[in-house]
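Me: I'd like to learn how to read a structure like this one. Can you walk me through it feature by feature?

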Amino acid sequence: MLSEEEKFVIETHMKLRKFRKKQYFLQEGDVCKYTGFIVKGSAKTFSVDEEGNENILKLSIENWWLTDFESFYHLTPSQYNIEAMEDLEVLQVTNAQVEEFFKPIPAFSAMMEVIKQNNAIANQRRVQAAISYTAEERYADFVSNYPHFLMRFPQNVIASYLGLSPETLSRLRKKINSK
């Protein structure tokens, strides 16, 4: 739990930034200078292949963090875009500011460690699903773990996240709903 003094330090370092729907938090090729805590709204993290298809890596909503971890920590150009799917409010902070928080605020350091662990676990589960699950199992796993995403993200976005065509996802949804 953060003390009032610790909350004040964090609040004075984090800047509230608003993004309109379809506005970018990060664009491919740019260095990810900020990590952001979503206060309101949703976003998607994606790359675009040679044919112009979006390959969605991550979907994010309130109380989740936005960043390209590799670009943010290594200060290298990002391979990803992060785009607001709804009007978005984000508390953002730079890499240097995050490093500053580790020393005076142990609770912040502990929170960042939990975030890293949860991110690693989610990525591991996502890779396992991608290489081992059928399309139907991937969708069922998604519905089980993120049922609230069904109302927040369009079907074509969910299909891309799951590595499916929108048509395949539509057939799966009909099949599951008819059971």
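Reply: Let's start with contact, which means heavy atoms within 4.5 Å. Helices (H or I, at least four residues) and strands (E, at least two) are DSSP runs, numbered from the N terminus. This is a predicted model: local features need pLDDT of at least 70, side-chain atom pairs count only at pLDDT 80 or more, and totals for chains, interfaces and linings use all residues. Residues are numbered from 1 along each chain as its sequence is written, and side-chain values use heavy atoms, with hydrogens and water left out.

Me: Which residues of α4 meet α5?

Reply: On the α4 side they are R125, A129, A130 and S132, and they meet E137, R138, D141 and N145 in α5. By class, this contact has two nonpolar, two polar and four charged residues. Here Ala, Val, Leu, Ile, Met, Phe, Trp, Tyr, Cys and Pro count as nonpolar, Asp, Glu, Lys and Arg as charged, and the others, Gly among them, as polar.

Me: At what angle do the axes of α4 and α5 cross?

Reply: Axes are lines fitted to C-alpha atoms, for helices over the stretch in contact, and angles run from 0 to 180 degrees between N-to-C directions. The axes of α4 (residues 106-132) and α5 (residues 135-145) cross at roughly 155° and come within 9 Å. That makes α4 roughly antiparallel to α5. The cut-offs: under 35 degrees is roughly parallel, over 145 roughly antiparallel, 65 to 115 roughly perpendicular, and the rest oblique.

Me: How far does α4 reach from its first C-alpha to its last?

Reply: The expected span of a helix is 1.5 Å times one less than its number of residues. With 27 residues, α4 reaches 39 Å, close to the 39 Å expected.

Me: And which residues of α4 are buried?

Reply: Buried means under 20% relative accessible area, exposed over 50%, and partly exposed in between (1.4 Å probe, protein chains only). In α4 the buried ones are F108, M112, I115, N119 and A129. For contrast, take S109, also in helix α4: S109 counts as partly exposed, at 26% relative accessibility. Its C-alpha is 8.9 Å from that of E99, 10 residues away in sequence.

Me: What about S3: where does it lie?

Reply: S3 is in the segment before α1 (4-13). S3 is partly exposed, with a relative accessible area of 34%. The C-alpha atoms of S3 and I105 are separated by 9.2 Å, though the two residues are 102 apart along the chain.

Me: Now the sheets. What is the strand order in the one with β1?

Reply: Strands of a sheet pair through backbone hydrogen bonds, either parallel or antiparallel. Two strands pair if DSSP finds at least two bridges between them. This open sheet of four strands runs β1-β8-β3-β6, with antiparallel pairing. β1 (15-19) and β6 (65-66) stand at the edges, each with a single partner strand, so one side of each has no neighbour in the sheet.

Me: Which bridges should I look up?

Reply: β1 and β8 (residues 88-94) share five bridges, and F19 stands opposite L88 in β8. β3 (residues 34-40) and β8 pair over six bridges, with K40 partnered by E89. β3 and β6 pair over two bridges, where F37 has W65 as its partner.

Me: What order do the strands have in the sheet with β2?

Reply: That one is also an open sheet of four strands, in the order β2-β7-β4-β5, with antiparallel pairing. Its edge strands are β2 (24-26) and β5 (54-60), each pairing on one side only. Neighbouring strands are turned by 30° against each other on average, direction ignored. β4 (residues 43-48) and β5 pair over six bridges, and the partner of S47 in β5 is N55.
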